[in-house]
Amino acid sequence: MCGIVGVVANSRVNQVLYDALTVLQHRGQDAAGMVTLDEGHFLLRKGNGLVRDVIRTRHMKRLSGNVGIGHVRYPTAGSASEAESQPFYVNSPHGIALVHNGNLTNCAELKEELFRTDLRHINTTSDSEVLVNILAHELGKEGHGLSAENVFSAISRVYQRCRGGYAALAIINNMGMVAFRDPNGIRPVVFGKRDTPNGPEYMIASESVALDVAGFELIRDVGPGEAVFIDEQRQLHTRQCIELKAFTPCIFEYVYLARPDSIIDGASVYRTRMRMGTKLAERVKHEWPDHDIDVVIPIPDTSRTAALEMAQALGVTYREGFIKNRYIGRTFIMPGQTMRKKSVRQKLNTADTEFEGKNVLLVDDSIVRGTTCNEIIQMAREAGAKKVYFASAAPAVRYPNVYGIDMPVAMELIGHGRTEQEIGDLIGADRLIYQQLDDLKDACREVNPELGEFDCSVFDGRYVTGDINAEYLADLELSRSDSAKRQRNDGAVLELQNESDEE
């Protein structure tokens, strides 16, 4: 999960990009970066940390230019090393800078192919560097002057080579900006326009909220297998570059990843979460009609909308029982189990009067490792709750994600191979209520009936690209487990220490 944004304007874009990245910060807190293009020169600033820490006033002063792209990142494929931060740049052909959200599932194969056939060297473990080199190689086949037709022809060959879930943005020096989305439409990307006295300006971003803050009007989502090209004259061109086979956007965007004020594939994230709460309440009424819930309390922030609707549908009091420290990051994307567990108590504190002597239903968006849930249930009991029930607005997460979400490997998922009762016992809940997958899908379809199927692989183990097998998942387990991440992060820390010593 990363956030990408690009702007083509008639004045400096650095501030617009910066503001957009700050509202996309929830999509990645590991690294940030921005590149602008000014009179044929790429101007780059990137590094590990939050947007406000990486891009300072002194950097903004030199990030001139009317075209630019930005990125917020947390590592899925690759490491947490600063060298993996984006944008990535290649100087041939023309000069190309690229940002990318998602994961190439055939990255290892492509990396070997690039070296042996395309004679290109990949210097990091990032699949984003692989993608920019694939794009560069295909654009190179189109010759010197690139028209929209040339760009779309190159993108069609990128689609033929690259598998997985991805949304990407690239600046081609003195040519324009191009955005493209994987053929299944797994990862989201939208584009919008604002009119100025000097002509139209365009923004492309992971979520519509980035357009909102900058005053751009949402046009629509980039379609699966579609490319959007904005040339140097700020003319917009679009093309379906590969045959549309199946549109299966990631349903976890609606559950957790996206901001509630975003619209993704024509569906308001806020309204889908409202429907999730209603569906969950209907399950409680059906399976537990004589429930003794006194109060519904959300785990802030992403579960608030579902929890409020659930309380109203059940006719039960809704209360804010956890007070959040807003200066602590999202625990879902924090590296290492120890850090996640420790940060829960730093992040949340209880309002004890809302728990004392009550049967409490806690509502969260999902349960991944179960560490956070266990800690929060314990906090509720310490605050005086008689009984603590737990509801998840999503079904049980039982399988790893391979399309750009840093979901744990199977053995680290509390839902993998366990029943609801077993999971409830492990997290310490008196009762556990999960959303049903069909209800989750319906919650999204009821907001936008044009949505059909989804990528629900973390819930049902069905990988929509059709190229994921047991061997792939075994290799994933070796590279993405907590122990593997610790080794990579230790290496990144050592690298920074060595650089500091040299200075």
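The model is a predicted one, with local features needing pLDDT of at least 70, side-chain atom pairs counting only at pLDDT 80 or more, and totals for chains, interfaces and linings using all residues. Residues are numbered from 1 along each chain as its sequence is written, and side-chain values use heavy atoms, leaving out hydrogens and water.

Leaving out residues up to four places away in sequence, Asn-173 touches Leu-37, Gly-40, Phe-42, His-94 and Gly-95 (contact: heavy atoms within 4.5 Å).

Moving on to the nonpolar cores (buried Ala, Val, Leu, Ile, Met, Phe, Trp, Tyr and Cys joined through side-chain atoms within 4.5 Å), the largest has 38 residues, and Phe-252, Tyr-254, Met-407 and Phe-459 have the most contacts inside it. Helix α8 gives this core its largest share, five residues. Apart from it sits another core of 35 residues, Leu-110 and Ala-170 among them.

As for rings, the whole structure holds nine aromatic pairs (centres within 6.5 Å; planes under 30 degrees apart are stacked, over 60 edge-to-face, the rest tilted). Phe-252 and Phe-459 make a tilted one, 6.1 Å centre to centre with 50° between the planes. This pair bridges helices α8 and α15, 207 residues apart, and both Phe-252 and Phe-459 are buried.

Note on methods. Buried < 20%, exposed > 50% of the residue type's maximum accessible area, 1.4 Å probe, protein only. Helix = DSSP H or I, 4+ residues; strand = E, 2+ residues; numbered from the N terminus. Phe/Tyr/Trp six-rings, centres within 6.5 Å; stacked < 30°, edge-to-face > 60°.
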